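Colleague: I would like to learn how to read a model like this one. Please take me through it feature by feature.

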Amino acid sequence: MTEISLKDISKVFKTVKVTALTDVSLEVEKGEFFCLVGPSGCGKSTILRIISGLEKPSSGEVQAPKEISMVFQSGALLPWMNVEENISFVCKANGMSDLKAEEQTTKYLRMVDLEGFRYRYPRELSGGQRQRVGIARALAIEPTVLLLDEPFSALDPITTDELHTYLLKIWKETQKTIVMVSHMLEEAILLSNRIGIMKKGEIKQIMEIKLKRPRSQGSNEFLKTLEEVKKVLIG
Amino acid sequence: MAIRHYHHHYHFSYLTSKKRHFTSLLIVISIITLILLTILHFLSPLTSINIKQLSWETITFATLNTLYRLLVSYVLSVILSIPIALLITKSERSEKFLLPIADVLQSIPVLAFFPVVVVFFIKFNALETAVIFILFLAMLWNLIFSMIGGLKTIPRDITDAATIFNIKGLRKLRYITIPAIFPYIITGSLLAWAQGWSLLIVAEALHSYIPNGQAANDPLGLGSLLVNSFYNGQNAVFIASLIVMIVIIALINFFIWQKLLHLAERFKFD
C-alpha cells in the first residue's frame, strides 16, 4: 500500500530565486524504510519538508497522511523543559489527556532506554541522548509516518552506530513508515529498504537495497552496493 | 562527570559575581561620595550644609514614589512590547514595513516630545501620568528591539518542531515563544531600567516645562529631589538622595537582575 506519494513536484524559492526541486516523483510504501541521499543542497531536505507540510510545493501533487512526526538534526528539544515535559507537552498539544501523555512518555522513554533520565534537562544530556529523546517525542504522538532530517549528522561515529541500532529496533517494533534524509551513504545503505539518490534537485535513481539484515558495513556486498550508489552520484 | 562540572561552573561564577558585586558597590559609593564632597566643598564649604533640611521621611517617600513610577512604566512597556515585537516579526512583509517605522520612532529622542506631553497632561492635571508616560516611552524601545532580536534567533528547528507537533496560538506563545526570548527580555529590561533611571532626573523635574512653573509643583521623587536640592543648595539632601539612588539601583541589580540573568541561562539554546 502506498503511504506517501509525490507527483511531479517542483519547488522554487521565489525570494532567493533558487530552484530546489524539478519534477520529483516518489512513492513510499507503508512500513517501508526509505532514505534520500545526496550532497548538501541537492533538495533532499526540501522533499522532507514538503512531505511534512512545512513547505508547499510550487507545483505538483502531494499525498501524505496527516499523522506525521519528525526528528530534527538539532534534536529541537526545548531547553526550559525537562525530558518528560518535552515529550508530554507535545502529547497534550495533540489532544491527549494528562494521564495518556504520561503513559506515552514512559512507553517511549523506555523504548529508547532513557527512563532514568526523565527529570534531566536537555543540556544535561549527551548529543546522542538528546536525539533519542527527539525520537521518543516524535513517536509519542503515534504518527503513521516518521520523518528524520539528518538526525545523526552532528554526532560522533560510535554514537551514530548506537542510534542506528535503536532506530532499526524501533522500526521493527512499531512498523512505522520511515523517511530519512542523510548525506552519509553508508548509513542509508545500512538502514533502508530503498534509497533515492538525489542530485541538483532531481532524483537520479531509486535503488532497492537487497542486502540481508542485520547488515554489516564491512561485507563485500555492502561495499559493492556503496560503489554502485557512488557511481550514480558521480556519473 | 561532565554534567556536574557544568553546574559547578555556573554556580561558581555566580557566587564570585555576588562577592564582587558588593565590593564594587562599596567602592563606587565611597568614590562618588568623596568626589562629590570635594566638589561641594569648593562650591560651598561643608559647614553650610543644613542637616535639618535632610528628612528621612522625604527621602523614603521620594524613593517609594520613584520606584512606583518606574515599576508602572516598566510593566506597561513589557505588556505592550510583546505584541508589538510579535507583530513586527510576524512575517517578512510586516518586518519590511514595520521595522523601519519602529526604527525611526525609536531614534526620536523621548525628551523631544517631553514639553508637548507635559503641556498635554497638565491640561488634565495629571502630572504623575506625564512622568509615567515619559518613562514608559523611554523603556519601550529597549524592550521592543531586544525582543525582536530574541525572536529572530529562535532556531528554525524549534519553530518547525512547533508546526509539526501542532503547537500554536497561546500555547506556543506561553511555552515556546516567551521562554525562548526570556534572556532577551531580561537584557532589554536591564537597559530599560537604566534608561528609566537616567530620564528620571528630567521626567520628575517637570516645573521647567510648565510656564511659570514652580519647583513645588514637581511630583516628589528621587529625580526631582536631586534636581531641586542641588538648585537650592541643599547639599546634604543632594548627596543623600544620590547615595540612596545608587544603593537602590545596586540592590535592584543585585537582588533582581543578577538572579534573572542567572536564570536566563536555562532558557538559552545551545
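Modeller: Start with contact: two residues are in contact if their C-beta atoms, placed from the backbone, lie within 7 Å. This is a predicted model: local features need pLDDT of at least 70, side-chain atom pairs count only at pLDDT 80 or more, and totals for chains, interfaces and linings use all residues. Residues are numbered from 1 along each chain as its sequence is written, while chains are lettered from A and ligands numbered from 1 in the order in which they are written.

Colleague: Which residues is A:Gly196 in contact with, leaving aside neighbours within four places in sequence?

Modeller: A:Leu26, A:Phe34, A:Leu36, A:Ile203 and A:Ile206.

Colleague: Is A:Gly196 buried or exposed?

Modeller: Count C-beta atoms, placed from the backbone, within 10 Å of the residue's own: 20 or more others is buried, 12 or fewer exposed, in between partly exposed. A:Gly196 has 23 such neighbours, so it counts as buried.

Colleague: Where is the place of A:Gly196 in chain A?

Modeller: Helices (H or I, at least four residues) and strands (E, at least two) are DSSP runs, numbered from the N terminus. A:Gly196 belongs to strand E8 of chain A, residues 194-199.

Colleague: In what order do the 3 strands of the open sheet in chain A stand?

Modeller: Two strands pair if DSSP finds at least two bridges between them. Here the order is E2-E1-E4 in chain A, with antiparallel pairing. E2 (18-29) and E4 (59-63) of chain A are at the edges with a single partner strand each, so one side of each has no neighbour in the sheet.

Colleague: How many bridges join E1 to E2 in chain A?

Modeller: 8, and E1 (residues 2-13) runs antiparallel to E2(A).

Colleague: Which domains does the assignment give for chain A?

Modeller: Domain bounds come from an automatic or database domain assignment. Domain 1 of chain A is 2-67 + 144-234, and domain 2 is 78-142. Their centres, taken over C-alpha atoms, are 25 Å apart. Domain 1 of chain A puts 12 residues into the contact, and domain 2 of chain A puts in 10 residues. On the domain 1 side, the largest share, 6 residues, is from helix H5 (residues 157-174) of chain A.

Colleague: How many residues of chain A are in contact with chain B?

Modeller: 18, against 20 residues of chain B. On the chain A side, strand E5 (68-71) and helix H2 (83-93) each supply at least two residues. H2(A) gives the largest share, 3 residues.
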